[in-house]
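Hi,

Here is the structure I promised to pass on. My notes on it follow below.

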Amino acid sequence: MKIMFLGAPGAGKGTQAEHTAQRLGIPTISTGAIIREAIKNSTAMGLAAKSYTESGKLVPDEVVIGIIKERLEKDDCKNGYILDGFPRTVVQAQALDEMGIEMDVVVSIEVDDDEIISRMNGRRVCAKCGATYHTKFKPSSDGIHCDNDGELLTQRKDDSPEVVADRLKIYHEQTEPLKDYYASKGVVKVVYGQKNVDDTTRLTDEAIDSIKK
Ligand code: AP5
Ligand code: MG
């Protein structure tokens, strides 16, 4: 199965992708996570992407398209995968089409901008395994360490309020049009991202199961 999560920064794409990957046994391909890992390891791509990502701007299309092409060739993608954070522009969506890749379902997670801004403040992440928590809506057991590996949780550099505002603006201008792009292919399922993570998960499961082959 090929599943895509579409939605604003902080809508819950990563949270739902993490759950869906476990439930269906397919990998999540998150361009954001791949870029953050490259920055952490100071690779050439990471160094080139750093200033864009940390200021909330999109990394150039040719860079992320290259990342995706390389990643989707790996063996673990042969039974399906989840795309989280790609595509983000019409050019990126067209690149997927040109690769002959058709999604089975595009789950559009919709959350108001006001809710996003308050959510981002409380997000905490594990830099080691990539797990995502929230101080209020999805705390780890002790609130400060990752439940998977005990790492100290941190805040993402691009979660400061000013950067979040820029990311939302870019989302509305460049990424939101993809909803119509995929609606015209008949594959979009809308999930309203509730204040409760479990409710959103239930709606996401229903959306995916409704098209399961
Ligand atoms: P990326 O990492 O993809 O960030 P994003 O799309 O901005 O989305 P986020 O990861 O911030 O949010 P999310 O929807 O995954 O929400 P989450 O589940 O964490 O990209 C980062 C950067 O990399 C970009 O800005 C760009 O520079 C670059 N990049 C990446 N891909 C690119 C591309 N294709 N092209 C160009 N550049 C690219 O949830 C958020 C918080 O809310 C968490 O704390 C979570 O616990 C909580 N939460 C989740 N669901 C709920 C709920 N239902 N109720 C309450 N709280 C909830
Ligand atoms: Mg994410």
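Strand S1 (residues 2-7) and strand S3 (residues 81-84) run parallel and are joined by four bridges. Lys2 sits opposite Tyr81 in S3. Helices (H or I, at least four residues) and strands (E, at least two) are DSSP runs, numbered from the N terminus.

Some ground rules. This is a predicted model: local features need pLDDT of at least 70, side-chain atom pairs count only at pLDDT 80 or more, and totals for chains, interfaces and linings use all residues. Residues are numbered from 1 along each chain as its sequence is written, chains are lettered from A and ligands numbered from 1 in the order in which they are written, and side-chain values use heavy atoms, with hydrogens and water left out.

The sheet. It is open, has five strands and pairs them in parallel, in the order S2-S3-S1-S4-S7. Two strands pair if DSSP finds at least two bridges between them. Strand S2 (28-30) and strand S7 (188-192) are at the edges with a single partner strand each, so one side of each has no neighbour in the sheet. On average, neighbouring strands of this sheet are turned by 20 degrees against each other, direction ignored. H1 lies across S1, S2, S3 and strand S4 (105-110), at about 165 degrees to S1. Contact here means heavy atoms within 4.5 Å. Axes are lines fitted to C-alpha atoms, for helices over the stretch in contact; angles run from 0 to 180 degrees between N-to-C directions.

The ligand. Ligand 1 is surrounded by 37 residues, and the closest are Thr15, Lys57, Arg88, Arg123 and Arg167. The cut-off is a heavy atom within 4 Å. By class, the shell has twelve nonpolar, 14 polar and eleven charged residues. Nonpolar means Ala, Val, Leu, Ile, Met, Phe, Trp, Tyr, Cys and Pro; charged means Asp, Glu, Lys and Arg; the others, Gly among them, are polar. H2 gives the largest share of the shell, four residues.

Polar contacts (N or O pairs within 3.5 Å) include these:
- Arg88: a side-chain N or O atom is 2.5 Å from an oxygen atom of ligand 1.
- Gly10: a polar backbone atom is 2.7 Å from an oxygen atom of ligand 1.
- Arg36: a side-chain N or O atom is 2.8 Å from an oxygen atom of ligand 1.

Backbone points. The Phe86 to Pro87 peptide bond is cis, with omega near -5 degrees. Pro87 is in the loop between S3 and helix H5 (90-98). Ser42 is not a glycine, yet has a positive phi of about 50 degrees.

Best wishes

Conventions:
Polar contact = N/O pair within 3.5 Å; in protein donor to acceptor, adjacent residues only side chain to side chain.
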